[in-house]
Amino acid sequence: MKLHGKLHMGKSRRKRRLFVLLGGCLALVLAGAAVFLLLWNGVILLNSPSREEYPVRGVDVSSYQGEIDWPTLAGQDIQFAFIKATEGSSLTDPCFSYNYAQASKTGLRIGAYHFFSYDSPGETQAENFIRTVPRAEGMLPPVVDVEFYGDKEKNPPEREATVRELTAMLERLESHYGVRPILYATEKSYSLYLAGGFAAYDIWIRNVVTSPSLSDGRDWTFWQYTNREKLDGYHGREPFIDMNVFAGTAEEFAAYPPAQEN
């Protein structure tokens, strides 16, 4: 009887330990799920750059944000906005004209960006952008967005052809607007196509998880640090908005871009 009682007590203790272990695991799973939901809904941001270090902030927008109330958006401690204008050789963002006109009435500095196509000549892509985006005093330089679409990340186009068409586009834009464009890239597209080259062009890098690190060690000028911010003033199918910082002071931003060397 005593032996049976000890065995019974041993089994009870093991069961209790098992229940405690299972309860702990369940608590961890629930906590992880809660954190994931907070991240997914933009309540917690993985990146939160210091405002003391990066006082100049801005957004980038496209038709995904729908109709934007620009005075409301501009009043939320941002200083600039990049607006999607074109894609490839023929596509135009349907909201660009409205966004450009309305944003120009605010105190924001604005610029326009083009989504680069690996399947289209650089010269005709430049012409599409030039047809769409007027020259205006005080505008930020045009941006060429070099990232992936479709199956391009799994099957990246060759570097030589991409660099050739990208160079053609950049040179045409610089000739027309009188300022060197900015190159936007993910860290992967940067490593594949921009690293070790394009030294004269400022880099706008995307990293929404950690601080960015360019593979060739050069500095960035703009950093897209999250794609899950929520601000007031837009009503589109995308509930979030991209946030960016400028690598410099407010005074440096006011003088940006610096004069080009011939």
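Eight salt bridges are counted here, a salt bridge being a side-chain nitrogen of Lys or Arg within 4 Å of a carboxyl oxygen of Asp or Glu. This is a predicted model, in which local features need pLDDT of at least 70 and side-chain atom pairs count only at pLDDT 80 or more, while totals for chains, interfaces and linings use all residues. Residues are numbered from 1 along each chain as its sequence is written, and side-chain values use heavy atoms, with hydrogens and water left out.

Let's start with the pair K84 and E87, whose closest N and O atoms are 2.7 Å apart. To describe its setting, we call a residue buried under 20% relative accessible area, exposed over 50% and partly exposed in between (1.4 Å probe, protein chains only). K84 counts as buried, because its relative accessibility is 14%.

Next comes the salt bridge between E127 and R172, with 2.6 Å between the closest N and O atoms. E127 lies in helix α4 and R172 in helix α5, so this pair ties together parts that are 45 residues apart in sequence. Helices (H or I, at least four residues) and strands (E, at least two) are DSSP runs, numbered from the N terminus. E127 is partly exposed, with a relative accessible area of 25%, and R172 is partly exposed with 25% as well. The two also belong to a network of salt bridges that links E123, E127 and R172.

Another pair to look at is E165 with R164, where the closest N and O atoms are 3.3 Å apart. E165 counts as partly exposed because its relative accessibility is 22%, and R164, at 49%, counts as partly exposed too.

Now follow α4 itself, which spans residues 122-132. Its buried residues are G122, Q125, A126, N128, F129, I130 and T132. What do the buried residues of α4 pack against? They pack against β3 (80-87), β4 (91-92), α3 (96-103), β5 (109-115) and α5 (159-177), where contact means heavy atoms within 4.5 Å.

From there, step across to α3, where F96, N99, Y100 and A103 are buried. Why do they sit on the same side of α3? They cover an arc of only 95° around the axis, so they are placed on the same side of the helix; the arc is that of the directions from the helix axis to the C-beta atoms. The cover over the buried residues of α3 includes β1 (57-61), β2 (67-68), α2 (70-74), β3, β5 and α4.
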